[in-house]
Amino acid sequence: MIATRSSNLWVIWASLVLALLLSVSALPRFMEIGRPLWLALFLTYWVLAVPHRIGMTSAFCIGLLADVLNGTLLGQNALILTLITFLVLSLHQRLRMFPMWQQSMVLLVVFGVAQLVQLWLNALTGNRPPTLAFVLPALVSALLWPWVCSLLRAVHRRMRVN
């Protein structure tokens, strides 16, 4: 007899919608420059946990939603999230073996590259002058990775997402 198991995909999408809401939530002005990359963090977790469910197409679609929500150039966040997903998928097997602090260091580089591409796109469109502050969101996100990973892992196990 074959047992049917629900995959609970709604949990993944609900967490990504939560990340979208966190990415546009109001922060004090002095904290705005170091806003964590919530969408990238949540997407990275799900790509590592269930790569057969969440991939580059999902990242592109969520990125388009983020573009519409943020009012940025259409495709900018989609490109950034697809790049992050590609890098995480290509490092998938190694990242899963690393301890949490090494994962944070690798994700600091991945998020830093994504922020560099975003800075380059902003400079091309004339939206923002290039500064060294582009590294701060990547650093804050890498520091938050152990907590986000632990939280989403608990949700993953509790809801039995496959």
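**Entry 1: Leu136 and the surface**

I looked up Leu136 and found that Leu136 belongs to helix α7. The model is predicted. Is Leu136 buried, partly exposed or exposed? I recorded a relative accessibility of 33% for Leu136, so Leu136 counts as partly exposed, since that class falls between the 20% limit for buried and the 50% limit for exposed.

**Entry 2: The core**

I turned to the largest nonpolar core, which has 36 residues. Trp46, Ile84 and Phe111 have the most contacts inside this core. I listed the elements that give two or more residues to this core: α1 (9-24), α2 (38-49), α3 (56-70), α4 (76-90), α6 (100-125) and α7 (135-159). Which element gives the most? I found that α2 does, with 10 residues.

**Entry 3: Helix α2**

I checked the length of α2. Its 12 residues, at 1.5 Å a residue, should span 16 Å, and the end C-alpha atoms lie 17 Å apart, which agrees.

I next asked how many residues of α2 are buried. The count is 11 of 12, so I describe this helix as mostly covered. Trp38, Phe42, Tyr45 and Trp46 are among the buried residues. I noted that their cover includes α1, α3, α4, α5 (92-97), α6 and α7.

**Entry 4: Trp46**

I looked up the contacts of Trp46, leaving aside its neighbours within four places in sequence. Trp46 touches Ile12, Ser15, Leu16, Pro51, Ile54, Leu152, His156 and Val161.

Key: Residues numbered from 1 in each chain as written. Predicted model: local features only at pLDDT ≥ 70, side-chain atom pairs only at ≥ 80, totals over all residues. Heavy atoms only, no water. Core = buried A, V, L, I, M, F, W, Y, C linked by side-chain atoms within 4.5 Å. Buried < 20%, exposed > 50% of the residue type's maximum accessible area, 1.4 Å probe, protein only. Helix = DSSP H or I, 4+ residues; strand = E, 2+ residues; numbered from the N terminus. Contact = heavy atoms within 4.5 Å. Expected span 1.5 Å × (residues − 1).
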